[in-house]
Amino acid sequence: MPKVAILMGSKNDLPVAEKGTPILKKFGIDYKIYVASAHRTPKRVESIVTESDADLFIAIAGLSAALPGVVASLTTRPVIGVPVSGVISLDALLSVAQMPPGIPVAAVGIDRGDNAAILAAEILSVGTPAMREKLAEYRKEMEAKIIAESESV
């Protein structure tokens, strides 16, 4: 079963992570959530990443949003960065999206823990037809929801 490690810079980021956990469950993806700060607990971040058997990492962080880049620097496994909104949200978004050459981080929109989970499922579906089928069904469900909303207005 595919595994995802979700790292948050602080417990305040939990609502963003919780946007994605129902989606991971829906696709049968095991996950574990950690609180680890790139600046305040760098050895903890390193330990989590290097000792993890996760197939993919989701790193959620606000302010300078260094966590996704630090995680990416410690592994060759895919990392999805989720910038967290704040007083000035652009700094977190740019920190996740503007990585230096050779250490990529996939960036989703601000506070989009849900999109991080969907992207994780898409990445993990490579070579897994059953998960690709679940993703196709998920898209059909979204389509049906929008059509129903359109008919109700």
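Modeller: Contact here means heavy atoms within 4.5 Å. The model is predicted.

Biologist: Which residues does Leu67 contact, leaving aside its neighbours within four places in sequence?

Modeller: Leu67 is in contact with Leu7, Met8, Gly9, Ala36, Ala38, Val45, Ala59, Ile60 and Ala61. Leu67 itself lies in helix 3, which covers residues 67–73.

Biologist: Why is Leu67 called buried?

Modeller: Buried means under 20% relative accessible area. Leu67 has 2% relative accessibility, so Leu67 counts as buried.

Biologist: How far apart are Leu67 and Pro83 in sequence and in space?

Modeller: They are 16 residues apart in sequence, and their C-alpha atoms are 9.7 Å apart in space.

Biologist: Why is Leu63 called exposed?

Modeller: The word exposed is kept for a relative accessible area over 50%. Leu63 has 70%, and is therefore exposed. Leu63 sits in the loop between strand 3 (56–61) and helix 3.

Biologist: What is the phi of Leu63?

Modeller: Leu63 has a positive phi of about 50 degrees, although Leu63 is not a glycine. Asp111 also has a positive phi, of about 65 degrees, and is not a glycine either.

Biologist: Is Asp111 buried or exposed, and why?

Modeller: The cut-off for buried is under 20%. Asp111 has a relative accessible area of 16%, so Asp111 is buried. Its place is the loop between strand 5 (106–107) and helix 5 (113–124).

Biologist: What makes Asp114 buried?

Modeller: A residue is buried under 20% relative accessible area, and Asp114 has 17%, so Asp114 is buried. Asp114 is part of helix 5.

Biologist: Which residues does Asp114 touch, not counting those up to four places away in sequence?

Modeller: Asp114 touches Lys19, Gly20 and Ile23.

Biologist: Which residues line the largest cavity?

Modeller: The lining is made by Ile6, Ala17, Gly20, Thr21, Leu24, Ile58, Ile60, Gly113, Ala116 and Ala117. Helix 1 (14–26), strand 3 and helix 5 are the elements that give two or more residues to this lining. Helix 1 gives the most, with four residues.

Biologist: What makes this space a cavity and not a pocket?

Modeller: In a cavity a 1.4 Å probe fits but cannot get out, whereas a pocket is an open set. The largest cavity has a volume of about 50 Å³. A search of the whole structure finds one cavity of 30 Å³ or more.

Biologist: How much space lies in the largest pocket?

Modeller: The largest pocket holds about 330 Å³ of space. Its lining has 23 residues, of which Gly9, Arg40, Ala61, Gly62 and Leu63 lie nearest the centre. Strand 3 and helix 4 are the elements that give two or more residues to the lining of this pocket.

Biologist: Which residues make the nonpolar surface patch?

Modeller: Val87, Ile88, Leu90 and Leu94 make a nonpolar surface patch of about 450 Å². Ile88 is found in the loop between strand 4 (79–83) and helix 4 (90–97).

Biologist: Why is Ile88 called exposed?

Modeller: Exposed means over 50% relative accessible area. Ile88 has 58%, so Ile88 is exposed.

Note on methods: Residues are numbered from 1 along each chain as its sequence is written. This is a predicted model: local features need pLDDT of at least 70, side-chain atom pairs count only at pLDDT 80 or more; totals for chains, interfaces and linings use all residues. Side-chain values use heavy atoms; hydrogens and water are left out. Patches are made of residues with over 30% relative accessible area and no salt bridge: like charges are joined within 9 Å, nonpolar side chains (Val, Leu, Ile, Met, Phe, Trp, Tyr) within 5 Å. Accessible areas come from the Shrake-Rupley method with a 1.4 Å probe; for residues, only the protein chains shown count as cover. A salt bridge is a side-chain nitrogen of Lys or Arg within 4 Å of a carboxyl oxygen of Asp or Glu. Buried means under 20% relative accessible area, exposed over 50%, partly exposed in between (1.4 Å probe, protein chains only). On a 1 Å grid over the protein atoms alone, a cavity is a set of points where a 1.4 Å probe fits but cannot get out, and a pocket is an open set with protein on both sides within 12 Å along at least five of seven lines; lining residues have an atom within 4 Å of a point. Grid points are joined across faces, edges and corners, and a volume is the space filled by probe spheres set on the points.
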